[in-house]
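Welcome to a short tour of a structure with two chains on display. Have the coordinates open as you read, and follow along strand by strand.

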Amino acid sequence: MKAKHETITALAPGRWTHGAPPANVRLGNDTVITGDLAFKRFHSREPDALVIGAQCTMDGVHFDLGEKGRMTIGDFCYFTNAVLLCELEVRIGNYVVIGWNTTVADTDFHPLAPAERVADALACSPLGGGRPRPAIPKLPVLIEDDVWIGPNATVLKGVRIGGGAWIEAGSLVTRDVPPRARVLGNPAQIIGTMP
Amino acid sequence: MTADRKLEWDWYSGTVPENVVLDDTAYCETAFSFHFYRSRLPGGVEYGRGASTYLGTMFDVGPRGRVILGECALIHGARIICDAEILIGDYALISWNVVLMDTYRVPLDAPERRRELERIPAREPRLACADVPAKPVRIGRNVWIGFDACVLPGVTIGEGSVVGAKSVVRESVPPFTIVAGNPARVIRPLNAEERSRHA
């Protein structure tokens with residue numbers, strides 16, 4: 001099926017209200033990103049690191065991509081002050097809503113083993129002298145079409161949220177969510193099915 | 001507040017909307033709290049005597065929404081998403097990053113939600129405002145809500161109750177009860193001694 005935006009013509013090019021986005025960001029027509037912090041922590045060097053479809057509203061969203069982070073977002077998405085943390089891969093479908101102050105992360109940022117964390121703290125410190133950081137768990141996040149995620153929610157690494165799922169406000173999603181499931185809680189549990 | 005409804009101490013250049021009731025006993029730290037406010041009702045937000053709202057509090061109130069703050073209610077940075085009615089009782093204490101919502105703003109039905117999302121780009125400002133059923137939220141007198149908590153549509157929190165930090169409340173809470181957790185569960189009722197000190 002043809003993507004909806006391909007059939008829409010005569011729309012203004014996508015834009016960021018605070019200037020030109022980084023060169024490896026592609027915005028579909030009529031997509032608008034607001035907020036001066038949108039790319040404050042955008043460090044990706046990947047080609048087409050961030051690709052957003054058409055007619056999206058990204059209001060106060062933080063696109064915090066690490067050097068190798070890659071993120072795609074579909075058409076007609078509506079995010080409010082979401083914090084998107086991506087060191088590897090985050091894929092978000094069409095018609096996805098993400099509420100205020102919600103965080104999505106595809107990494108733990110630091111290793112689990114205490115000894116490795118010491119090494120990581122040292123590597124990250126001003127005394128690190130460019131030494132490499134230890135391996136850190138990263139797993140892609142996939143959020144399918146028509147997913148609704150409420151305010152104050154958190155989606156952690158490796159999670160796949162099935163199409164049409166509804167993530168209640170404040171939920172902490174640590175495991176896959178089946179399509180059309182309604183989940184709530186910490187950790188998020190299924191509380192029903194969407195119509 | 002000056003005659004043109006500017007707050008003398010405000011860093012933000014905006015003004016307090018005409019239909020917000022705010023007298024000299026109450027305090028609004030910044031008119032930025034009304035950045036998403038678009039209620040057309042008289043008294044779309046009503047501050048009670050001595051009520052106060054601080055930085056981070058956002059009145060995301062739709063055209064038919066109404067928020068009432070009781071006497072000496074203290075809101076220290078909550079997101080108030082209101083299309084019907086949110087009542088906050090006298091002496092209520094509400095912490096930072098709390099979400100109080102009486103509506104989901106978009107239809108629960110996916111095809112209908114798609115139609116709403118297709119309409120958003122044509123709006124100025126670009127906001128979801130589908131006519132979905134809203135269920136009023138009532139925060140009782142002397143309720144205390146901890147930081148990062150969420151109160152979902154239709155919930156009533158009874159007088160004197162305490163909601164722990166990061167709780168998500170989807171069922172109403174009886175009076176004089178401590179609830180916490182996500183989903184929120186009753187931890188215990190306040191005991192007679194604690195209640196006897198209730199003013």
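Two strands count as paired here if DSSP finds at least two bridges between them. With that in mind, strand β6 of chain B and strand β9 (residues 85-88) of chain B are paired in the parallel sense, with four bridges between them. Please keep in mind that this is a predicted model.

**Strand pairing in chain B**

β6 (residues 66-69) of chain B also runs parallel to strand β3 (residues 45-47) of chain B, and three bridges join these two. Individual residues let you follow the pairing across the strands. B:Tyr47 has B:Leu69 as its bridge partner in β6(B), and B:Leu69 in turn has B:Ile88 as its bridge partner in β9(B). As background, strands of a sheet pair through backbone hydrogen bonds, either parallel or antiparallel.

**The fold of chain A**

What does the secondary structure of chain A come to? The tally is one helix and 20 strands. Chain A has a radius of gyration of 17 Å, close to the 16 Å from the globule rule for 195 residues, so chain A is as compact as a globular protein of that length. Along the principal axes, its C-alpha atoms fill a box of roughly 55 × 45 × 30 Å.

One open sheet of chain A is built from six strands in the order β2-β4-β7-β10-β13-β16, with parallel pairing. β2 (25-27) and β16 (160-161) of chain A are at the edges with a single partner strand each, so one side of each has no neighbour in the sheet. Within this sheet, β10 (residues 89-92) and β13 (residues 141-143) of chain A are parallel and share three bridges. There, A:Ile92 stands opposite A:Ile143 of β13(A).

Another open sheet of chain A has nine strands and mixed pairing, in the order β1-β3-β5-β8-β11-β14-β17-β19-β20. Its edge strands, β1 (15-16) and β20 (189-193) of chain A, each pair on one side only. β17(A) and β19(A) pair in the parallel sense over two bridges, and A:Ile167 is placed opposite A:Val183 in β19(A).

**Salt bridges**

Over all chains, the whole structure holds 21 salt bridges.

| A:Glu168 | A:Arg182 | 2.7 Å |

Why does the pair A:Glu168 and A:Arg182 tie together separate parts of the chain? A:Glu168 is in the loop between β17 (166-167) and β18 (172-173) of chain A while A:Arg182 is in strand β19 of chain A, so the pair links parts that are 14 residues apart in sequence.

**Where the chains meet**

The contact between the chains draws 33 residues from chain A and 28 residues from chain B. Together chain A and chain B bury about 2,600 Å², with 59% of it on carbon and sulfur atoms. A:Tyr78, A:Tyr95 and A:Trp100 provide 22% of the area that chain A buries against chain B, more than any other three residues.

Between chain A and chain B there are two salt bridges, along with 14 residue pairs in polar contact (both at pLDDT 80 or more). On chain A, β5 (57-59), β8 (78-80) and β19 (181-184) each contribute at least two residues to the side that touches chain B. Sorted by class, that side of chain A has 15 nonpolar, 11 polar and seven charged residues.

**Backbone details worth a look**

Most residues other than glycine have a negative phi, and most peptide bonds are trans. A:Tyr95, in the loop between β10 and β11 (97-98) of chain A, has a positive phi of about 55° although it is not a glycine.

The peptide bond from A:Asn186 to A:Pro187 is cis, with omega near -5°, and A:Pro187 sits in the loop between β19 and β20 of chain A. In chain B, a cis peptide bond with omega of about 0° joins B:Asn182 and B:Pro183. B:Pro183 is located in the loop between β18 (177-180) and β19 (185-189) of chain B.

**A tyrosine to finish**

B:Tyr12 belongs to the segment before β1 (20-21) of chain B. Setting aside neighbours within four places in sequence, B:Tyr12 contacts B:Lys6, B:Thr30, B:Ala31, B:Phe32 and B:His35. With B:His35 there is a polar contact between the two side chains, at 3.4 Å.

Key. Residues are numbered from 1 along each chain as its sequence is written. Chains are lettered from A and ligands numbered from 1 in the order in which they are written. This is a predicted model: local features need pLDDT of at least 70, side-chain atom pairs count only at pLDDT 80 or more; totals for chains, interfaces and linings use all residues. Side-chain values use heavy atoms; hydrogens and water are left out. Contact means heavy atoms within 4.5 Å. Buried area is the accessible area (1.4 Å probe) that two parts lose on being put together, summed over both. A salt bridge is a side-chain nitrogen of Lys or Arg within 4 Å of a carboxyl oxygen of Asp or Glu. A polar contact is a pair of N or O atoms within 3.5 Å; within protein, one must be able to donate a hydrogen and the other to accept it, and residues adjacent in sequence count only if both atoms are side-chain atoms. Ala, Val, Leu, Ile, Met, Phe, Trp, Tyr, Cys and Pro count as nonpolar, Asp, Glu, Lys and Arg as charged, and the others, Gly among them, as polar. The radius of gyration is taken over C-alpha atoms; the globule rule is 2.2 Å times the number of residues to the power 0.38.
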